[in-house]
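Let's take a walk through this structure together, one piece at a time. Keep the 3D view open as you read.

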Amino acid sequence: MTSNNFKRNFFLRGGAVLSALLTVAVLASAPASAEDKYPSKRLDWTIAFGPGGGNDIMSRTLISILEKYKLYPENIVAENRPGGSGAKGWGYLFAQKGNPYHISSTSGSFITTPLQANTPWQPTSFTPIALLASDDLVILVNGKSKIKTLREFIDQAKIKPPSIGGIGTVNVDFIVPKMLSERAGFKFDYVSFNKQGELTTALLSSALDASMSNPGEVLGLLQSGDLRALGYSGKKTPAALGNIPTFAEAGYDLGISMPRGLVLPPDVPKEAQDWWIATIKKVVQTPEWKAYIDKQLLTENVLYGEDFRAFLQKTQGAFADILKKSGAIK
Amino acid sequence: MDIFSNLILGLSVAISPINLAYLFIGVMLGMFVGIIPGFGPAAGIAILLPITFGMDPTGAVIMLSAIYYGSMYGGTITSILLNTPGDSATVASTFDGYPLAQQGRAGPALVMQAVASFFGGTVGVILITVLAPLFAQVTRSFGPPEFFLLVMMGLMTLIVMIGGNWRYGAISALIGFALGTVGVDLETGQSRFTFQSAEMIGGIDFIPIAIGLFGLGELYYAFYNGLHLSGSGGIVQYQKEKRFWPELRDFVETKFSMLRGAVLGFCIGVIPGAGATIASLMSYSVEKSISKTPERFGKGAMEGLVGPEAANNAASSGAMVPLLSLGIPGSASTAVLLAAFLMWGLTPGPLLMAQKPEFAWGLIASMYLGNVALLGLNIFAIPLFVQMIKVPYRILGPAVILICTIGTYSVNGSIIETWLMFAAGLVGFFMKLYGYSPAALVLALVLGPLAEQSLRQTLTISRGSFGIFLERPTSLWILGVTAAVLAAGLLLRRGRREED
């Protein structure tokens with residue numbers, strides 16, 4: 001490129017930038033009715049974790065349903081923005097304040113990461129669309145264990161405090177048994193693991209007395225009888241787990257679970273939020289969505305808009321209480 | 001005869017044209033993923049995962065698994081030629097692989113690593129075929145106490161690795177242990193040395209440190225010595241490449257190293273959480289400690305290359321055992337595979353092999369074919385790669401910096417980790433200049449957190465009593481083996497002294 005060319009381009013570009021700025025200014029001052037036609041632009045979908053994880057799979061399932069039933073009229077671009085246990089991806093969404101063409105799916109870290117680190121955002125900062133499902137936990141013992149039911153487990157735990165394993169500490173794996181133990185009146189030693197594989201092996205080797213797990217990841221070992229499920233923390237026990245009670249059915253309603261939902265950036269127009277709520281109401285009726293819930297052994301748990309925000313608030317409050325008591329966070 | 005009929009069933013599945021095509025795509029991608037520093041098999045599998053959802057599960061898993069074991073071949077190429085490990089499992093291959101290249105033996109080193117990889121991979125698949133149920137029992141008996149003892153065995157290898165100046169070696173290891181303490185304390189959930197940064201919650205990743213210490217550190221050292229001014233030369237410092245093919249004695253001298261590496265690697269691979277990196281590092285120190293001439297290690301000993309190479313490949317086969325026979329992922333890569341199983345509607349677990357034999361055995365059979373394909377691919381590709389050492393340093397140097405930077409960034413898309421890599425490069429340069437041990441640092445960084453975590457898990461379970469190590473049969477076994485190894489080492493040393 002010659003210097004002459006460069007200059008011309010530079011000015012052209014300058015002009016373009018200027019006119020773009022003007023357009024933005026005009027649009028911004030225009031009444032809200034100009035945006036009635038939401039959605040009319042490409043959607044940027046932030047996945048705050050790497051490919052292959054639970055959050056990624058849910059996002060991609062939702063996108064394929066939106067595309068198959070032509071629910072979103074424009075293109076959807078999914079972008080993995082992993083890092084810092086979700087801090088990066090949701091930080092990115094937070095920075096898109098007021099822009100209704102960004103969206104992201106949530107998971108457990110949506111609640112726990114702001115408790116652990118200095119994030120500029122809180123789960124309640126975003127515009128909530130819907131809670132879709134929750135990841136609930138099953139309490140497991142070794143298949144050779146003498147303990148057959150949740151009742152027996154709790155009775156035994158009152159005599160001799162068991163060791164219960166789970167993934168991480170600032171996590172529902174610790175919070176659920178902690179709440180259960182407080183309600184049922186027993187003590188236990190929590191043993192924290194990094195990875196599901198190490199946790200399952202520790203339980204199989206009888207090093208642990210019990211563990212908390214997502215049912216989907218241990219289903220094979222449950223079917224073969226190597227592990228035994230005693231109770232389920234969600235609202236309704238999935239059929240694949242057989243005839244075990246939920247904690248609520250056993251008399252301990254904890255009301256805690258990991259939210260899998262959808263949020264928009266903070267302060268987006270009400271129209272966009274309403275459009276998404278109406279759309280998600282259609283999505284959850286599709287057979288593809290039902291199949292996803294079944295395969296992943298998730299609990300369908302739908303709350304829309306402000307109800308979802310209230311749920312996030314309540315869950316984070318309960319987490320923070322327990323974690324402060326145990327000294328994990330300040 | 002059951003095994004044979006199963007294997008024939010598997011072969012008939014694997015050999016269908018479409019599955020063969022998937023297999024070749026998989027091994028090629030695996031090689032490629034392995035060659036790019038930092039970009040490991042877990043990331044490669046995860047990125048390809050979404051496109052496999054519409055595929056037949058058997059073909060898809062054949063392809064994704066091929067990426068996994070294929071990457072163990074590719075990772076070594078840059079370890080040998082650039083002193084830059086392609087992924088964490090090939091760090092040990094830099095110790096003697098790069099010196100071999102510097103002596104003008106890059107060709108033989110690459111061929112030998114391909115052969116060792118093939119040998120390790122194939123021994124691994126044979127062991128899966130014949131003994132998978134037995135090894136699944138090993139997996140079942142590994143709780144935190146056993147894991148801690150295994151990690152301690154790994155840490156003992158520090159003594160071997162430090163060698164020469166033990167004070168400098170000890171300081172290097174302590175830096176590694178210190179770096180390993182960054183991140184959320186698993187036991188209490190408290191953040192340690194994270195300065196409230198969300199990026200530091202997960203701790204300091206081992207990849208940017210290893211790439212910086214070895215790859216960039218070596219490069220800075222070369223610049224320091226003025227290699228870039230010399231015009232000609234390249235990696236091989238003024239030395240001509242001698243001959244491309246290994247000599248017969250390379251095979252004869254290292255056949256037991258390969259076998260030891262393969263068996264050790266497989267056994268470690270079946271233990272969830274241990275994996276190919278620990279397997280290769282342990283194999284290196286085993287080779288060094290039983291060698292009659294340990295002083296050759298680190299200066300281009302072929303045993304020091306082929307042992308770890310056989311080990312990391314066998315370990316990647318070994319990691320398939322808990323995945324297939326118990327539905328337990330032993331590593332990041334197999335965890336992504338497990339997620340894939342669930343998406344395809346398969347239930348990984350002890351019943352999988354019985355309920356879906358064509359799937360499980362198709363995969364196993366494809367691993368035999370995949371290893372053969374990888375050996376061929378390597379032998380073809382090596383002459384191409386060897387050209388790299390003829391590139392003048394002033395061109396190669398910036399290219400290496402670029403590769404290291406992109407590789408590190410591509411792992412987590414983290415700028416902080418990229419800076420960390422550059423910082424590790426400077427540290428690596430000074431360590432090399434003053435004779436410290438980057439290898440000890442890396443080993444301590446990998447094993448330190450594992451040791452801390454498993455010991456604290458053990459003591460939580462036993463409520464503070466060390467007696468738990470003597471109560472469990474498997475941990476008694478490991479203690480016994482450790483004692484035997486130590487005793488053998490002492491006897492060997494005494495014997496050697498008497499000879500002198």
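Of the 500 residues in chain B, 59% count as buried, where buried means under 20% relative accessible area, exposed means over 50% and partly exposed lies in between (1.4 Å probe, protein chains only). Before going on, a word on the ground rules: this is a predicted model, in which local features need pLDDT of at least 70 and side-chain atom pairs count only at pLDDT 80 or more, while totals for chains, interfaces and linings use all residues. Residues are numbered from 1 along each chain as its sequence is written, chains are lettered from A and ligands numbered from 1 in the order in which they are written, and side-chain values use heavy atoms, with hydrogens and water left out.

Back to chain B, which has 21 helices and two strands; these are DSSP runs numbered from the N terminus, with helices being H or I of at least four residues and strands E of at least two. The radius of gyration of chain B, taken over C-alpha atoms, is 22 Å, close to the 23 Å from the globule rule (2.2 Å times the number of residues to the power 0.38), so chain B is as compact as a globular protein of 500 residues. Its C-alpha trace spans about 65 × 55 × 55 Å along the principal axes. Now look at who touches whom inside chain B: among contacts (heavy atoms within 4.5 Å) with a separation of 6 or more, 80% join residues 24 or more positions apart.

Next, turn to where the chains meet. The contact takes 46 residues from chain B and 46 residues from chain A. Together the two chains bury about 3700 Å², 58% of it on carbon and sulfur atoms; that area is the accessible area (1.4 Å probe) lost when two parts are put together, summed over both. In chain B, Arg140(B), Leu186(B) and Met343(B) lose the most area to chain A, together 14% of what that side buries.

How many salt bridges are there between chain B and chain A? The count is two, a salt bridge being a side-chain nitrogen of Lys or Arg within 4 Å of a carboxyl oxygen of Asp or Glu. Asp189(A) forms one with Arg463(B), their closest N and O atoms being 2.7 Å apart.

Finally, hop over to chain A and find Lys282(A) in helix α9, residues 270–283. Lys282(A) counts as exposed because its relative accessibility is 51%. Lys282(A) and Ile65(A) are 217 residues apart in sequence, yet 10.0 Å apart in space, C-alpha to C-alpha.
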